[in-house]
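Welcome, and thanks for opening this one up.

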Amino acid sequence: MLKNTLFAAAALFALAGSASAADLKEFRVGILGGENEADRLRNYACLADHLKQSFGFEKVSLFPAADYDGVIQGLLGGTLDFAELGASGYAATHIKDPKAVTPILTTEQKDGSTGYYSIGLALKSSGIKTIMDAKGKKLGYADPDSTSGYLVPLTQIPKTTNMPNDKFFASTQFNGGHENNLLAAYDGKVDVAVDDSSGIGNFKDGFTSGTFRKEVDKGAVDPNKLVEVWRSPLIPNGPLVVRTALGAEWQTKLADFFTKLPATDKKCFDAVEGGDFKGYVPVKPDFYNAIIDVRKHAIGG
């Protein structure tokens with residue numbers, strides 16, 4: 001009898017949770033730091049409109065966090081329902097609570113790949129042509145929870161230099177996100193900046209996607225004044241994640257919505273993703289196992 005009662009209670013709670021998710025009035029979207037807040041809100045405004053119209057939400061709230069950790073903590077604390085994370089940010093979330101979020105999709109590049117690169121950029125006038133030329137110089141990182149702007153260069157540059165970064169470079173510093181990091185190199189505040197890039201297409205365009213592309217498109221940097229001095233191995237594209245507590249039905253609905261977005265509103269898709277992507281494809285948690293392992297060993301949660 002007790003066993004039946006417990007099962008009945010569990011079923012009731014499950015139904016209550018499902019009903020709560022089905023009756024979602026407000027949908028809360030986290031936006032990673034790294035680009036100025038006004039640009040992020042402007043780029044996501046169309047997405048908020050589409051979400052509200054498609055699902056009948058009374059309100060779609062956009063939360064542009066000051067840094068990556070702001071979004072991670074929002075997802076862990078249940079104050080955000082959705083975000084697009086980098087691979088390292090997802091790893092940080094997964095390490096702290098494997099059940100907090102569920103990855104549903106990732107971006108697909110124009111060449112069909114689902115990966116991108118960390119690239120090192122320097123001013124052409126600096127004379128730095130390869131990462132080996134940057135010994136004793138200043139290295140700029142983006143954010144402690146960035147994959148391409150910290151985790152990957154932290155662990156992969158030493159495979160070329162045979163020295164830890166804090167020994168090879170005169171100094172390393174965080175510059176408050178990808179945009180600020182690239183601008184720090186462009187303005188001569190650091191000698192090399194590591195940032196995200198598709199690594200495909202033309203350098204003079206800033207490649208097809210990534211921070212370099214965004215800054216070229218905005219006219220903030222002249223690619224003719226920059227040179228690529230280092231490139232990482234291929235990194236898994238970050239996932240679109242949904243708060244797991246919303247349930248499988250919402251995961252399916254949102255996956256369908258975002259998969260159709262490039263056809264529904266290509267301009268909006270391009271604004272949200274910041275580059276020339278093909279679309280979204282399904283992704284499972286195990287796609288990020290290697291990044292989770294690297295993060296655990298290099299910097300922890």
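## Ground rules

Contact here means heavy atoms within 4.5 Å. Please keep in mind that this is a predicted model.

Let's begin with helix α5 (residues 147-161) and helix α11 (residues 289-298), whose axes lie 11 Å apart and pack at an angle of about 70°. That angle makes α5 roughly perpendicular to α11, since values of 65 to 115 degrees fall in that class. The crossing of α5 over α11 is left-handed.

Which residues in α5 and α11 meet? From α5 come Thr147, Leu151, Leu154 and Thr155, and from α11 come Ile291, Val294, Arg295 and Ala298. Sorted by class, this contact of α5 with α11 has five nonpolar residues, two polar ones and one charged one.

## A link between cysteines

How many disulfides does the structure hold? There is one, formed by cysteine 46 and cysteine 268, with their sulfur atoms 2.2 Å apart. The link of cysteine 46 and cysteine 268 is right-handed, with 90° about the S-S bond. Cysteine 46 sits in helix α2 (residues 37-55) and cysteine 268 in helix α10 (residues 266-273), so the pair ties together parts that are 222 residues apart in sequence.

Are the two partners buried or exposed? Cysteine 46 has 21% relative accessibility, so this residue counts as partly exposed. Cysteine 268, at a relative accessible area of 1%, is buried, because buried means under 20%.

Note on methods
Residues are numbered from 1 along each chain as its sequence is written. This is a predicted model: local features need pLDDT of at least 70, side-chain atom pairs count only at pLDDT 80 or more; totals for chains, interfaces and linings use all residues. Side-chain values use heavy atoms; hydrogens and water are left out. A disulfide is a pair of cysteine sulfur atoms within 2.5 Å. Helices (H or I, at least four residues) and strands (E, at least two) are DSSP runs, numbered from the N terminus. Buried means under 20% relative accessible area, exposed over 50%, partly exposed in between (1.4 Å probe, protein chains only). Axes are lines fitted to C-alpha atoms, for helices over the stretch in contact, and angles run from 0 to 180 degrees between N-to-C directions. Angles under 35 degrees count as roughly parallel, over 145 as roughly antiparallel, 65 to 115 as roughly perpendicular and the rest as oblique. A crossing is left-handed if the near helix is turned anticlockwise from the far one by less than a right angle, and right-handed if clockwise. Ala, Val, Leu, Ile, Met, Phe, Trp, Tyr, Cys and Pro count as nonpolar, Asp, Glu, Lys and Arg as charged, and the others, Gly among them, as polar.
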